[in-house]
Amino acid sequence: MAQAALPATETPAADAGSAAPHTGHTGLLLTGGGARAAYQVGVLEAIADLRLACGAGQAPNPFPIITGTSAGAINAAALACGADQFDRTVRRIARVWRNFQAQQVYRADSLSVAQSGARWLTLLSLGWVLARWRRLRPRSLLDNGPLIKLLAKMVPLVRLPQVIRKGHLYALAVTASSYTTGDHVTFFEAGERLDPWVRSQRRAVRDRITHEHLLASSAIPFIFPATAIEVANRTEYFGDGSMRQSAPIAAAIHLGAQRILVVGAGRMHEPRELAPESTMPSYPSLAQIAGHALSNIFLDALAVDIERMQRINQTISLIPQASRSGSLLRPIELLVIAPSERIDALAARHVGDLPAAVRTMLGALGVTANMQDVRGAALASYLLFEAAYTRELMALGRADTLAKRGDVCRFFGWQDAGVPVATALQVTDSDFPRSAA
């Protein structure tokens with residue numbers, strides 16, 4: 001765990017000073033990554049179990065400020081809606097991820113995959129001019145229509161105003177990228193009046209969070225279609241919130257968080273993989289290029305933002321305390337939990353779990369069931385909404401969190417008596433009330 005100040009690219013007075021109405025709030029940042037978001041659910045399960053082991057189970061919601069991006073926005077919103085019953089809500093979210101099937105997120109039958117993929121094949125074979133003449137305008141590689149039904153069940157947003165009004169939650173924020181304006185937008189819902197912020201190519205909009213916001217935030221470019229949202233009386237089309245996200249941690253800071261738990265979707269520093277000197281490198285497949293691009297979108301900005309915060313903290317530590325007291329900069333306590341194993345390698349073991357039609361389509365791009373094809377499996381790692389894969393990711397998230405038990409307890413101020421951690425009982429939908437307590 002480390003203390004960090006505001007990222008270097010931020011304006012101190014606005015991002016770390018008077019813009020934050022409260023101090024002392026704990027924030028949670030759940031990053032993007034499609035099916036990789038199963039990892040963060042394992043982290044949340046471990047935190048819920050540690051809470052009980054430390055005797056803090058009756059304490060209020062440990063995350064008054066919750067922010068999320070992409071699939072992390074869905075988990076963040078689901079957690080926020082049950083902020084009055086943190087432990088039970090975590091179990092409910094975990095049950096969804098533990099029993100996932102790809103068909104809950106996108107249409108995976110042969111006909112649907114053929115229909116969505118056919119438009120792209122038409123463009124490749126007939127060309128854009130003919131495709132335009134025939135009005136063939138493909139929107140995405142896959143149809144995420146089933147996700148709408150899952151969101152209605154998993155994220156009861158009707159509860160959000162109630163849990164905010166009753167003080168169980170201070171703010172929820174989800175991010176999306178506007179194809180219309182090119183801006184990165186943070187949509188937030190909060191109890192107290194907070195002024196939206198504006199920075200270079202990014203802005204905040206105070207709004208009532210809807211399932212459309214979650215669909216937009218999780219719309220992986222090219223793979224899922226953009227979502228239309230009304231902003232300031234005009235329609236804008238939005239895609240995945242990880243795109244153009246230059247400062248992932250900033251939203252939680254703006255909302256008043258002084259301590260932030262960041263849950264990543266990939267290793268902060270991937271090891272270099274060099275082929276033997278005697279082996280000629282092969283030309284990258286489309287799957288490898290796509291996986292590389294998605295890793296850049298989902299992973300790189302977070303690592304850079306964390307490094308910036310750590311460097312600024314080191315610089316500020318050199319300034320005498322008396323001189324720092326008049327500064328608008330404030331330190332941010334940051335705890336980062338990220339996968340200790342390479343998720344691409346884990347996904348390579350589960351490519352065969354994908355629905356046959358999706359596996360065939362991805363096979364044309366270079367994704368194979370070969371366990372050695374780690375680079376090609378990167379693309380699949382974002383689409384593997386299958387139980388065997390999500391359960392393994394959840395187990396990794398839980399193990400990584402418990403390995404940091406001391407850091408986690410210090411972060412929350414829990415008294416750790418060394419009581420063994422036991423998993424709580426699973427819950428059912430009937431255990432989750434429709435109104436806030």
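Which residues form one aromatic cluster? The cluster is made up of Phe63, Phe86, Phe411, Phe412 and Trp414. The model is predicted, so local features require pLDDT of at least 70 and side-chain atom pairs pLDDT 80 or more, whereas totals for chains, interfaces and linings use all residues. Residues are numbered from 1 along each chain as its sequence is written, and side-chain values use heavy atoms, with hydrogens and water left out.

Rings of Phe, Tyr and Trp (its six-membered ring) were paired if their centres lie within 6.5 Å, with planes under 30 degrees apart taken as stacked, over 60 as edge-to-face and the rest as tilted. By this rule, 12 aromatic pairs are counted. Phe188 and Trp197 are a stacked pair because their ring centres are 5.5 Å apart and their planes lie at 20°. Both partners are buried (under 20% relative accessible area, with exposed over 50% and partly exposed in between; 1.4 Å probe, protein chains only): the relative accessible area is 0% for Phe188 and 8% for Trp197. In the pair Phe411 and Phe412, the centres are 5.0 Å apart and the planes at 90°, so this pair is edge-to-face. Phe411 is buried at 4%, and Phe412 also counts as buried, at 17%.

A charge is also placed over a ring (NZ of Lys or CZ of Arg within 6 Å of the ring centre and within 35 degrees of the ring normal). Arg36 lies over the face of Tyr382, 4.6 Å from the ring centre.

Helices (H or I, at least four residues) and strands (E, at least two) are DSSP runs numbered from the N terminus. Helix α3 (residues 71–81) is largely enclosed by the rest of the structure, because 11 of its 11 residues are buried. Among them are Ile74, Asn75, Leu79 and Cys81.
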